[in-house]
Amino acid sequence: MGNYCASVMGIRVKEDIDPINAPQPYDASYESYRTQFDNASEREAMLDRGRELQKKEPSDGTRGCCCCRCSPFACLLTQICCIGCWSIVLFYVLAILIIYFGVSNDFQLWALQQPENLVVKLLLPPVEIAESLACGQTQKLSAMQYAHGYNYAHAGMIWLTAASDIEQEVLAPQKRTWQLGEHPLISSHMPSMAEGRNVFPLALSDTGAGGSGAHEAYVNCFKAYLLGAAMDTRFKDATAQSLITQLVAEYKTTAHELNTDEFWTSSDKGLLPFTIKYLHYVCFGLDPNNAENYEILKAWYDGSSQMSYYLDPFGWAMGSTADVINRVADLYEVSPAFANFQVETQYDSMTKRELAMMCTSIFRLAGVQGFKQSASIVLGAWPLAGQAMYPASPEVNQFDQRSVLDTLDLSNTDEVLDYITECTRLDSPVSVTHRVLTEPLTHEFGDHAITFPAGTKVAIPLALGNVDEALWGSTSYQFDMKRDLLHSKYMSFNSIGTQSGGRECPGKWLTQQALIKLVQQIGKQEETQPVEEKSG
């Protein structure tokens, strides 16, 4: 459309550079700057048409909008709609912020009573996700209890934090949902969901709470193949001991005074590679000296970010993690522990692949993570208790458990177990589990009773039950490995001492016995050989 359109489109035209008026000497290359219109009159006509199009008014007699040529009324209506939409979004975000920072407990106590309310469906989920990010930490749990009392609502759940309530919850059959403690899970990311059935035991209900029996069957299958006689044999053999001996040597030569030091954080030496190799040798029979296997395992077990694959909403951004999990499951399937695997009806016809996939989640979320956390606590990676962890504690300063570790009779396994139990009572490696109400529940919240419907999620804060003064007395926040009830009321393995409602951690025995060995052999750094054991 003449010079107008050509100039708009960035095309050089004949008038811009003409060979007749061009600087001398004349360069024939100027001829390349030509437009498709060679006739001057045709070019001028097209230019006029372009100008007329700019001035043309709409057929309804109104002048067009300068930017989109619609009528001013339509343009105004569009602007009003945009402003309205953004106002709604702003109001929504503002409402969530007010709830989160100001009235979270009161709002959720109301919301959880009427889960079908449209306002609840709109406002509760983002608050639930945001609060679930940190509320499982012992410091946060204690601060919430300090602010609201024994019972409150948080992260889309009701929290009953008295030791008596926790004991009742732990020992009763539990209905479960897609929840890891206080945090929602992505169900499609859990083991074997792509194959059609849920084999993640932490999200399966007990038979006594409406479950199909799958939870009990899968846990028994796990115990039979991973925690049976073969595990016990490997636990006692020279290979397992050599891994502990190597860890002791690295403890001597690697910085370990602070929890940020190399012994606690490195993926090449210290506690993490030991935990990965030790558990996979003892439980699966995998060669700890196989570098290729270790690289496969490290890709999944090194660090904590991989756990986010299971957590809503973070896991949606970690699609490639599924490939890492599958490689680990492949390794499990060819391990000695799986060599004689058979599909059996007593295990709900669980397949080898299903068990392998289940193990990838259990060892990621509980096995490696839980054992490393427990070992860090008992070996003194950080101090215990104090008001930094428990605001209600009369003890301002935290307690250095290493001062007790240095005085233990390391040959006395009972005394060592007392020490381990008291350390993990004051800092529970597993702080929260959950259940789902199967019938309405009425309980005191503040100064009045509230009834919640079936389907409400209930948090079970084991960490707070371990320090409740009503159970443990006035010294509940202090270190006392000789205290009454230490072993009979200890809750960190999702049981009450030796009592269990069917949800006790299946790795309890292995964890305790392995920690005893670590404490015995690291407790006196100059010793690199196993100490002679004796009962107390």
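1. Let's start with Gln401, which is buried at a relative accessible area of 0%. Gln401 sits in the loop between helix 14 and helix 15 (402–405). Leaving aside neighbours within four places in sequence, what is Gln401 in contact with? The list runs to Ile377, Val378, Gly380, Trp382, Pro383, Leu384, Tyr419 and Cys423. Keep in mind throughout that this is a predicted model.

2. Stepping back for the overall picture: the protein chain has 19 helices and 8 strands. Of its 536 residues, 49% are buried. If you take contacts between residues at least 6 apart in sequence, 67% of them join residues at least 24 apart.

3. Now the inside. The largest nonpolar core has 95 residues, and those touching the most other members are Leu226, Tyr278, Tyr332, Leu355, Tyr419 and Val519. Helix 14 (residues 352–378) gives this core its largest share, 13 residues. Another core, of 20 residues, lies apart from it, with Phe107, Ala153, Ile158 and Leu160 among its members.

4. Tyr278, for its part, is in contact with Phe235, Ala240, Leu243, Ile244, Ala514 and Lys517, once neighbours within four places in sequence are left aside.

5. Ser349 and Ala385: buried or partly exposed? Ser349 is partly exposed, because its relative accessibility is 35%, between the 20% and 50% cut-offs. Ala385 is buried, because its 3% falls under 20%. Ser349 has a positive phi of about 55° although it is not a glycine, and Ala385, also not a glycine, has a positive phi of about 55° too. As for where they are, Ser349 belongs to the loop between helix 13 and helix 14, while Ala385 is in the loop between helix 14 and helix 15.

6. Asp312 and Pro313 are joined by a cis peptide bond, with omega about 10°. You'll find Pro313 in the loop between helix 12 and helix 13 (321–333).

7. For a bit of strand, look at residues 441–445 (strand 6) and 448–452 (strand 7), which pair in the antiparallel sense over 5 bridges. They form a hairpin with 2 residues between the strands, and Gly446 in the turn has a positive phi of about 70°. Which residue of strand 7 stands opposite Phe445? That would be His448.

8. How many cavities of 30 Å³ or more does the structure hold? There is 1, and the largest cavity contains about 60 Å³ of space. Its lining is made of Ile276, Lys277, His280, Leu286, Asp287, Pro288, Asn290, Asn293, Tyr294 and Leu297. Helix 11 (271–284) and helix 12 (291–301) each supply at least two of the lining residues. By class, that lining has 5 nonpolar, 3 polar and 2 charged residues.

9. Last, an open space: the second largest pocket, with a volume of about 400 Å³. Its lining counts 20 residues, and those nearest its centre are Pro115, Leu124, Glu128, Gly156 and Lys457. Helix 4 (residues 118–132) contributes the largest share of that lining, 6 residues. Sorted by class, the pocket lining has 11 nonpolar, 4 polar and 5 charged residues.

Conventions. Residues numbered from 1 in each chain as written. Predicted model: local features only at pLDDT ≥ 70, side-chain atom pairs only at ≥ 80, totals over all residues. Heavy atoms only, no water. 1 Å grid on protein atoms, 1.4 Å probe; cavity = no way out; pocket = protein on both sides within 12 Å on 5 of 7 lines; lining within 4 Å. Points joined across faces, edges and corners; volume = space filled by probe spheres on them. Helix = DSSP H or I, 4+ residues; strand = E, 2+ residues; numbered from the N terminus. Nonpolar A, V, L, I, M, F, W, Y, C, P; charged D, E, K, R; others polar. Pairing = 2+ DSSP bridges. Core = buried A, V, L, I, M, F, W, Y, C linked by side-chain atoms within 4.5 Å. Buried < 20%, exposed > 50% of the residue type's maximum accessible area, 1.4 Å probe, protein only. Contact = heavy atoms within 4.5 Å.
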